[in-house]
Amino acid sequence: MHNNIPCISASTTRRTEATPPMSLPTRLLAGRQVPIPGFGCMGISAYYAPSLKSEQHYQSVLRAAYDLGARHWDTANVYGEHGLGENERLIGRAIMELEIPREDIFLATKFGISYEDGVLRARGSPEYVRACLAQSLEALQTPYVDLYYVHRVDPDTPIEVTVNAMQQLKEEGKIRGIGLSECSAETLRKAAKVVTVDAVQVEYSLFETTPETNGLLATCKELNVPLVAYSPLGRGFLSGRFRTRADLPSIDSRLGLPRFSEENFPKNLVLVDHVNRLAQKKGCTAGQLALAWIHAQWERTIAIPGTTRVEALKENVESGKVVLSPEELTEIREVLDSFKPVGNRYDEWMTALEDQSA
Ligand SMILES: NC(=O)c1ccc[n+]([C@@H]2O[C@H](COP(=O)([O-])OP(=O)(O)OC[C@H]3O[C@@H](n4cnc5c(N)ncnc54)[C@H](OP(=O)(O)O)[C@@H]3O)[C@@H](O)[C@H]2O)c1
């Protein structure tokens, strides 16, 4: 399927006539054909040393994403270093100031991670959902979002209650799709019994294949729910540009993740070296191989790489041209079978928010 949707058609680009969007492949998500890969906006406000660049710079990256046709933008109310809504506000301002037609962007955001009085927890009560959405819509300067995710599943609120509250918001026209992030297969099944679940978002990459073994990917396939793969470049690790911890800025949060620890980092480089080797053989970059692999796993997987650089964005967008043959996929699978990532993907705080429902 190719560029057959209003959301990325040249006729709707208005201020971008000089740079028509590339013909990106698309996949169905929450009732729209969205271009793949998507664009993960988190890093422009949070975790990966965003303060090292200016808002003006980040607007230029969003502008480039728009011009290149990467118009599925993923954010969350918690992305920011200065309180809730920071990333959403930056996106909202960019859309307004760059005069990007709102309907040209497939905008996804999330709620459900709360940090108050030193306590990090998942919240999903109907009142909380509604209040968070109101804040997100204001921050994003939009009357609706295309996809609204439960960011982490609240152990104290039945998922049916949370998604029924989201269904209400959908009926009010404030959200156009319902998504679950980091849910278990069981939670997905429960939710799908009471509402249409439009997407599951989970960490899925050559560096993190747990969705293949914990039943989540299988359940997505069974229920025909698209799987949106976050951190598809292994938080940049798979691209091969970080060879030591010193390659990351000292204020970068990844330095606190177990897989990036002093001890584990060099052990995990074994995977990166394999990916680099296979990418060289294929004639693409390591990151492009990683993204192409995700899109080859199932016709409903969608990768949402994030970057703060226009050059990297172009490279990621061009991953759509990389088509892996059955032989190449087998070779990649052999590498994955021979390698187990060393260290947890999250620190203790975030690990505590994992959905425990089996
Ligand atoms: N649901 C959830 O709980 C959850 C959790 C995490 C993330 N997410 C979503 O997933 C999105 C992507 O995840 P992510 O940002 O963690 O990880 P990612 O996309 O796997 O990696 C991002 C990192 O890769 C680097 N990078 C990107 N493209 C590159 C390229 N072509 N060559 C070399 N380096 C490249 C970026 O650095 P530069 O900026 O320097 O290019 C950045 O450091 C986020 O923006 C967010 O929307 C969701």
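**A buried tyrosine and its surroundings**

Modeller: Let us begin with Tyr346, which is buried, with a relative accessible area of 13%. Please keep in mind that this is a predicted model.

Colleague: Where is Tyr346 in the chain?

Modeller: Tyr346 sits in the loop between helix H11 (326-338) and helix H12 (348-351).

Colleague: Why does Tyr346 count as buried?

Modeller: Tyr346 counts as buried because its relative accessible area is 13%, and buried means under 20%.

Colleague: Which side chains make polar contacts with the side chain of Tyr346?

Modeller: One is the side chain of Tyr230, at 2.7 Å. Another is the side chain of Arg235, at 3.1 Å.

Colleague: And which residues is Tyr346 in contact with, leaving aside its neighbours within four places in sequence?

Modeller: With those neighbours set aside, Tyr346 is in contact with Arg152, Glu203, Tyr230, Arg235, Leu257, Pro258 and Thr351.

Colleague: How far apart are Tyr346 and His57?

Modeller: In sequence, 289 residues separate Tyr346 and His57; in space, they are 29 Å apart, C-alpha to C-alpha.

Colleague: Back to Arg235. What is its phi?

Modeller: Arg235 has a positive phi of about 60°, although it is not a glycine. Arg235 belongs to the loop between strand S11 (227-230) and helix H8 (264-282).

Colleague: Is Arg235 buried or exposed?

Modeller: Arg235 counts as buried, at 9% relative accessibility.

Colleague: What about Gln141?

Modeller: Gln141 also is not a glycine and has a positive phi, of about 55°. Its loop runs between helix H3 (126-140) and strand S8 (147-150). Gln141 is partly exposed, with a relative accessible area of 41%.

Colleague: Let us change topic. What does Arg102 reach with its side chain?

Modeller: The side chain of Arg102 reaches the backbone oxygen of Tyr144 at 2.9 Å. Arg102 is in the loop between helix H2 (86-97) and strand S5 (106-111), and it is buried, with a relative accessible area of 13%. Leaving aside neighbours within four places in sequence, its contacts are Leu107, Thr142, Tyr144, Val145 and Asp146.

Colleague: Now the ligand, please. Which residues around it come nearest?

Modeller: There are 31 residues around the ligand, and Tyr48, Asp74, Leu233, Thr307 and Thr308 come nearest. By type, the shell divides into 11 nonpolar, 12 polar and eight charged residues. Helix H10 (residues 310-317) gives the most to this shell, with three residues.

Colleague: How many residues has the largest nonpolar core?

Modeller: The largest nonpolar core has 109 residues, and those with the most contacts inside it are Leu62, Trp73, Tyr148, Met166, Leu180 and Leu188. In soluble globular proteins, nonpolar side chains tend to be buried together.

Colleague: What is Leu62 in contact with, apart from its neighbours within four places in sequence?

Modeller: Leu62 is in contact with Phe39, Cys41, Ile44, Trp73, Leu90, Ile91 and Ala94, those neighbours left aside.

Technical notes. Residues numbered from 1 in each chain as written. Predicted model: local features only at pLDDT ≥ 70, side-chain atom pairs only at ≥ 80, totals over all residues. Heavy atoms only, no water. Near = heavy atom within 4 Å. Helix = DSSP H or I, 4+ residues; strand = E, 2+ residues; numbered from the N terminus. Nonpolar A, V, L, I, M, F, W, Y, C, P; charged D, E, K, R; others polar. Core = buried A, V, L, I, M, F, W, Y, C linked by side-chain atoms within 4.5 Å. Buried < 20%, exposed > 50% of the residue type's maximum accessible area, 1.4 Å probe, protein only. Contact = heavy atoms within 4.5 Å. Polar contact = N/O pair within 3.5 Å; in protein donor to acceptor, adjacent residues only side chain to side chain.
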